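Take a moment with the sequence and the fold before reading on.

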Amino acid sequence: ELSMAKYTQIYRDILNKIKTGCYDINTNLPTEKALAEAYACSRDTIRKALNILLLNGYIQKIKGKGSLVLDFNIIECAV
């Protein structure tokens, strides 16, 4: 979808990487700075994408440590 916001595309891409094991459970995502460089966008755009991941329970933000990938299987099985 061409109309999709940049942060939505990034959210979906990172989510896909989490689900396919590109980013392992209980490991940190790359830094906001590194992600902003990788996706060629602002850190604000990255923050928006990470906030959706946070709200949906895929990551946990730890102050000063970055974004930790959570075990999403627990969430999906609990429903």
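**From one residue to the whole chain**

Start at Ile46. Setting aside residues up to four places away in sequence, Ile46 touches Ile10, Glu32, Leu35, Ala36, Tyr39 and Cys41. Contact here means heavy atoms within 4.5 Å. This is a predicted model: local features need pLDDT of at least 70, side-chain atom pairs count only at pLDDT 80 or more, and totals for chains, interfaces and linings use all residues. Residues are numbered from 1 along each chain as its sequence is written, and side-chain values use heavy atoms, with hydrogens and water left out.

Which residues have the most contacts inside the largest nonpolar core? They are Ile14, Ile18, Ile46, Leu50 and Leu53, in a core of 19 residues. H1, H2 and H3 each supply at least two residues of this core. The largest share, five residues, comes from H1. A nonpolar core is a set of buried Ala, Val, Leu, Ile, Met, Phe, Trp, Tyr and Cys residues joined through side-chain atoms within 4.5 Å. Buried means under 20% relative accessible area, exposed over 50%, and partly exposed in between (1.4 Å probe, protein chains only). Helices (H or I, at least four residues) and strands (E, at least two) are DSSP runs, numbered from the N terminus.

Now look at the loops. Asn26 sits in the loop between helix H1 (6–19) and helix H2 (32–38). Its phi is near 65 degrees, a positive value in a residue other than glycine. Asn26 counts as exposed because its relative accessibility is 58%. Ala40 lies in the loop between H2 and helix H3 (43–55). Ala40 also has a positive phi, near 50 degrees. Ala40 is exposed because its relative accessible area is 68%.

Next come the strands. E1 (residues 59–62) and E2 (residues 66–69) run antiparallel, joined by four bridges. Two strands pair if DSSP finds at least two bridges between them. Ile59 stands opposite Val69 in E2. The hairpin has three residues between the strands, and Gly64 takes a positive phi near 80 degrees there.

Beyond its neighbours within four places in sequence, Ser67 is in contact with residues including Thr27, Leu50 and Ile59.

Finally, check the confidence. pLDDT is the predictor's confidence in each residue, from 0 to 100. The protein chain averages 91, and 90% of the residues score at least 70. Among its elements, H2 has the highest mean pLDDT (98) and helix H4 (residues 72–78) the lowest (61). Where pLDDT is low, the predicted coordinates should not be read in detail.
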